[in-house]
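Trainee: Could you walk me through this structure, starting with how the side chains are described?

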Amino acid sequence: MESFPTGQLSPTGRTQHGPLIPAGRFLPYFLVTALFFLWGIPHNLNDILIRQFMKSFEINRLQAGLVQSAFYIGYFTLALPAGRIMRRAGYKAGILTGLGLYATGCILFWPAAVVGQYWFFLTALFIIASGLAFLETGASPFVAQIGPAETAGQRLNLSQSFNPLGSITGVLIGSRFIFSGIELKPAEIAALEAQHKYHDYLRSEQLRVIVPYLVLAGVVLIWAALIARTPFPQMGMDFSRNTLEHDHSLPLRKRKHFVFAVAAQFLYVGAQVGTWSYLIQYVQTYAGLAERNAGYWLTGALVAFTVGRFFSTWLLRFVPAARLMGTYAVINTVITSVAVMRPGWIGVGCLIAASFFMSTMFPSIFALGIYGLGTRTKTGGALIVMSIIGGAALTPLMGKIADTSTIANAYMVPVGGFVGVAVYAWFLSKPEPEEEATLEAIEHTI
């Protein structure tokens with residue numbers, strides 16, 4: 001048995017004895033970790049698209065919220081098939097499939113812009129999200145399983161730390177290359193309409209999305225080629241078909257910590273996506289900034305999220321994931337409530353701070369949820385990824401509230417999400433005693 005450094009904590013709080021990244025596995029770990037960066041870009045380009053499509057297609061907030069709905073329905077639809085494919089064909093095949101779909105969806109932005117139909121853009125976003133469903137279903141369990149289970153939580157938080165860097169990149173790209181900076185007043189719109197030039201203005205705004213998405217498609221295809229040429233390790237969780245068919249372990253529906261992880265991830269993703277999707281409009285409404293400057297505040301929120309990710313990865317060496325996440329969720333419940341009750345610069349500051357405390361929630365819920373699933377890890381991971389549908393369900397709800405009430409009141413939706421995450425972290429994330437005893441017995445035989 002190898003001798004591992006001590007002092008780290010597993011997702012359940014036990015002392016860890018294992019390396020973060022085992023020898024000989026750094027290259028595949030690096031290539032897969034880069035995927036976290038790559039899928040962060042389209043996630044937060046969506047926040048730009050919502051505002052851009054409201055302008056270029058002249059639609060309301062509820063209709064613009066369909067951007068997130070199309071995106072997260074793609075996750076929901078393809079995550080479980082992705083998990084099943086990877087159970088039999090392996091992580092590498094699933095990841096390459098995901099990258100192919102990702103690139104295809106990006107390329108489709110070109111004909112969508114030329115045709116100028118909103119539904120075409122939504123279709124392209126659905127295909128991008130279908131690819132990301134494969135990537136997230138494969139990448140997170142791969143990172144968790146490429147090394148010892150004891151360091152899975154910290155390893156997954158480290159890889160996930162690169163996701164907000166992609167998010168920041170997406171917002172900067174969108175703010176610089178998609179937003180034109182032209183915001184017409186009613187009198188200017190009337191003048192253009194009188195000159196029969198307003199339609200040309202709307203078309204020019206729609207066409208601005210082509211170049212960023214084509215460049216992104218090129219980067220994705222290059223990365224797919226690198227992964228295709230790299231051998232992936234056979235890991236302890238790679239089971240034969242015979243093993244899978246004769247698996248009589250406890251079914252997923254009877255594992256409390258997993259079932260509630262799915263629910264917690266649904267609520268968390270809805271809270272996160274909603275917080276960022278309407279942040280630009282919150283800043284415009286209550287701080288009086290133009291859309292491009294408001295977009296930079298969204299970048300600030302993502303920077304806070306990134307700092308929180310790296311800081312939390314370090315902190316997880318000493319604090320159990322459930323305890324840290326529970327504390328963060330309680331803090332976010334409070335400060336997001338302040339953003340509802342005190343809209344303005346105070347509210348903007350609270351939403352930026354909330355991004356810092358959201359940082360560890362997704363990877364921690366994932367690590368806690370798949371802990372001890374054994375042969376059912378890929379399926380369990382797929383179901384947790386499917387719960388990302390929370391972004392599709394709760395973001396339009398925020399849009400509806402914003403249209404009928406105020407944007408500030410719409411942030412009560414994220415408040416509810418953070419309450420749910422706090423309940424999971426403090427009371428529902430630990431395996432049942434009999435299951436924990438079984439896991440302990442298995443660990444002592446390794």
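Mentor: We can go through the cysteines, then the aromatic rings, and then the surface.

Mentor: This is a predicted model, in which local features need pLDDT of at least 70 and side-chain atom pairs count only at pLDDT 80 or more, while totals for chains, interfaces and linings use all residues. Residues are numbered from 1 along each chain as its sequence is written, and side-chain values use heavy atoms, with hydrogens and water left out.

Trainee: OK, how many disulfides are there?

Mentor: The count comes to zero disulfides, where a disulfide is a pair of cysteine sulfur atoms within 2.5 Å.

Trainee: And is Cys106 buried or exposed?

Mentor: Cys106 counts as buried because its relative accessibility is 0%; buried means under 20% relative accessible area, exposed means over 50%, and partly exposed is in between, using a 1.4 Å probe and protein chains only. Cys350 also counts as buried, at 12% relative accessibility.

Trainee: Switching to the rings, how many aromatic pairs does the structure hold?

Mentor: It holds 22 aromatic pairs, and rings of Phe, Tyr and Trp (its six-membered ring) pair if their centres lie within 6.5 Å, with planes under 30 degrees apart counted as stacked, over 60 as edge-to-face and the rest as tilted.

Trainee: Why is the pair of Trp276 and Phe305 called edge-to-face?

Mentor: Their ring centres are 5.0 Å apart and their planes stand at 85°, so the pair is edge-to-face. This pair links distant parts of the chain, since Trp276 is in helix 13 (residues 256-277) and Phe305 is in helix 15 (residues 291-315), 29 residues apart; helices here are DSSP runs of H or I with at least four residues, numbered from the N terminus.

Trainee: Are those two buried or exposed?

Mentor: Trp276 counts as buried at 3% relative accessibility, and Phe305 is buried with a relative accessible area of 1%.

Trainee: Which residues form the aromatic cluster?

Mentor: Phe311, Trp314, Phe318, Tyr328, Phe356 and Phe357 form one aromatic cluster. Of these, Trp314 is partly exposed at 44% relative accessibility, and Phe318 is partly exposed with a relative accessible area of 45%.

Trainee: Last topic, what lies over the face of Phe177?

Mentor: Arg176 does, at 5.4 Å from the ring centre, and a charge sits over a ring if NZ of Lys or CZ of Arg is within 6 Å of the ring centre and within 35 degrees of the ring normal.

How values were computed. Helices (H or I, at least four residues) and strands (E, at least two) are DSSP runs, numbered from the N terminus.
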